[in-house]
Amino acid sequence: MLVLGVESSCDETGLALYDTELGLLSHALHSQVDMHAEYGGVVPELASRDHIRWVLPLTEHVLKQAGKTLQDIAAIAYTQGPGLSGALLVGTSFAESLAFSLQIPTINVHHLEGHLLAPLLEDNPPAFPFVALLVSGGHSQLMRVDGIGQYELLGDTLDDAAGEAFDKTAKLLGLGYPGGPALAKLATNGKPHFKLPRPLLHSGDLNFSFSGLKTSVLTLTNQHQPLDEITRADIAWEFQEAVTEVLSNKCMAALRETGLDNLIVSGGVGANSRLREKLNAATNCKLCKVSYPRLEFCTDNGAMIAFAGAMRLKASHDKRKKDYSFSVKPRWDLAELQQP
Ligand code: KG4
Ligand code: ZN
C-alpha cells in the first residue's frame with residue numbers, strides 16, 4: 001500500500017512515498033533556511049507562502065522518482081501539528097483536497113510521532129519496547145515507547161529545549177540561523193578551556209533544564225569581550241560538552257530505570273556527532289543498542305510523516321474514514337495521542 005507523506009509544520013517542505021511492503025520509495029525536501037537566515041529566524045508568513053510554492057512540484061518529483069502516478073497512492077499522511085498554523089494549513093489543505101479528489105483516506109500525523117519513529121526507517125530497526133530521546137528545536141523528552149501511540153513520558157525539559165539552547169547560544173556567539181549545526185561546527189576547533197554547569201545532571205529524575213546554561217554562556221561572553229575566534233570555539237566546545245553529557249547520562253539513567261536495552265534518538269539535535277559519540281560509547285559499555293535516523297531524517301522531512309502514517313494505517317487495519325474536513329493543531333501534546 002502506497003502512502004504519500006506531507007510535512008509543512010515549520011521551515012521545510014517535505015514529501016515522500018512509503019510503500020508498506022517495499023519501504024521508502026522516494027523523498028524530497030525543500031529547506032527555507034536561506035530565506036529565513038537574513039531575519040535570524042523563521043518568519044511564519046514567509047514560511048507559509050514558500051510551502052505553497054513547493055508542495056506541488058515536490059509531489060510531482062517524488063512520484064516521478066518512484067515511477068508512480070497519483071492513482072497509485074492509497075492514502076495520504078500529513079503533519080496536522082504541532083507547528084506554525086499557517087504552515088500546517090498548507091500541507092493539511094493540500095493533503096485533504098488531493099485525497100478528496102482521489103477518494104482515498106487521509107492520516108493526520110503528529111509531527112513528534114514522525115520524529116520519534118524516524119529511526120525505524122533504517123535497516124535492523126529495534127523492536128518495541130524501547131526508550132526514545134527526542135531532541136528537537138522545541139522538545140527535549142525521554143519516553144518509554146511500547147508501540148505506535150503508546151508513549152509514556154519519562155522526562156521533559158523544564159525550560160528551553162536542547163535545540164533551542166543550541167540556537168540561542170549560537171546567537172550569543174555571533175553565529176547565524178539555524179544555530180545548532182553552526183555551533184557544532186565551531187566546536188570542532190575548540191578545546192577544554194572553560195567550565196560550564198551540567199544542569200540537573202544529579203537531579204535524580206529524568207528532566208532537563210538548559211536555560212541556565214545559556215545564561216552562563218552570556219556571562220562568559222561578556223567577560224571575554226571582544227570575543228576572538230579561539231575563545232568562541234572554546235565556549236562552543238564546552239557548551240556542546242555540557243549539553244551532550246547531560247543528554248547522554250539521562251538516556252543511560254532511563255535505560256536503567258526501565259530495564260530496557262534499546263535506545264533510539266531522534267530530532268534535529270540527534271544529528272549532533274558529539275552526542276552520537278557519547279551515546280555510542282555509553283550504550284556499548286552497558287551492552288545496550290542505540291539507533292538513529294540517517295542524518296537527513298533527524299531534521300524535518302516527509303519520509304518520517306509517510307512512515308508514521310503508514311504504521312498507523314497498518315495498525316488500524318486500513319479502517320480510515322474519508323471525511324476530508326480539516327483543522328490544524330499548532331499546539332498538540334504527544335500524550336494526547338492514542339493507539340491507532
Ligand atoms: O527536529 P528539528 O528539525 O525541528 C523541530 O521540530 O524542532 O530540529 C531543529 C533543531 C534546531 O534547534 C537545530 O539547531 C538543531 O535541531 N540541530 C542541531 C544539529 N542539527 C540540527 N543541534 C546540534 N547539533 C547539530 N548537528
Ligand atoms: Zn521537527
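**Ground rules.** I number residues from 1 along each chain as written, with chains lettered from A and ligands numbered from 1 in written order. The model is predicted, and local features need pLDDT of at least 70, side-chain atom pairs count only at pLDDT 80 or more, totals for chains, interfaces and linings use all residues, and side-chain values use heavy atoms, without hydrogens and water.

**Entry 1, sheet with E1.** I traced an open sheet of five strands, ordered E3-E2-E1-E4-E5, with mixed pairing. Strands (E, at least two residues) and helices (H or I, at least four) are DSSP runs, numbered from the N terminus. Pairing needs at least two DSSP bridges between two strands. Neighbouring strands are turned by 20 degrees on average, direction ignored. I then looked at E1 (2-7) and E4 (75-81): they run parallel and four bridges join them. Val-3 has Ala-75 of E4 as its bridge partner. Helix H3 (85-102) packs on this sheet, touching E1, E4 and E5, at about 155 degrees to E4. Contact means heavy atoms within 4.5 Å. Angles run from 0 to 180 degrees between N-to-C directions; axes are lines fitted to C-alpha atoms, for helices over the stretch in contact. Helix H10 (302-315) lies across E1, E2 (12-19), E3, E4 and E5, at about 130 degrees to E1.

**Entry 2, sheet with E6.** Here the order is E8-E7-E6-E9-E10, again open and mixed. E8 (150-155) and E10 (289-291) are the edge strands. The twist averages 25 degrees from one strand to the next. E7 (140-147) pairs with E8 in the antiparallel sense over five bridges. Leu-142 stands opposite Gly-155 of E8. Helix H9 (273-285) touches E9 (262-266) and E10, and makes about 175 degrees with E9.

The axes of H5 (162-172) and H7 (211-223) come within 10 Å and cross at roughly 10 degrees. The two helices are therefore roughly parallel (angles under 35 degrees). H5 contributes Lys-168, Thr-169 and Leu-172; H7 contributes Lys-214, Val-217, Leu-218 and Thr-221.

I found 18 residues around ligand 1, with Gly-137, Asp-167, Gly-180, Gly-268 and Asn-272 the closest. A residue counts if one of its heavy atoms lies within 4 Å. A polar side-chain atom of Asp-167 is 2.6 Å from a ligand oxygen. Polar backbone atoms also approach ligand oxygens: Gly-180 at 3.0 Å and Gly-163 at 3.1 Å.

Conventions:
Angles under 35 degrees count as roughly parallel, over 145 as roughly antiparallel, 65 to 115 as roughly perpendicular and the rest as oblique. A polar contact is a pair of N or O atoms within 3.5 Å; within protein, one must be able to donate a hydrogen and the other to accept it, and residues adjacent in sequence count only if both atoms are side-chain atoms.
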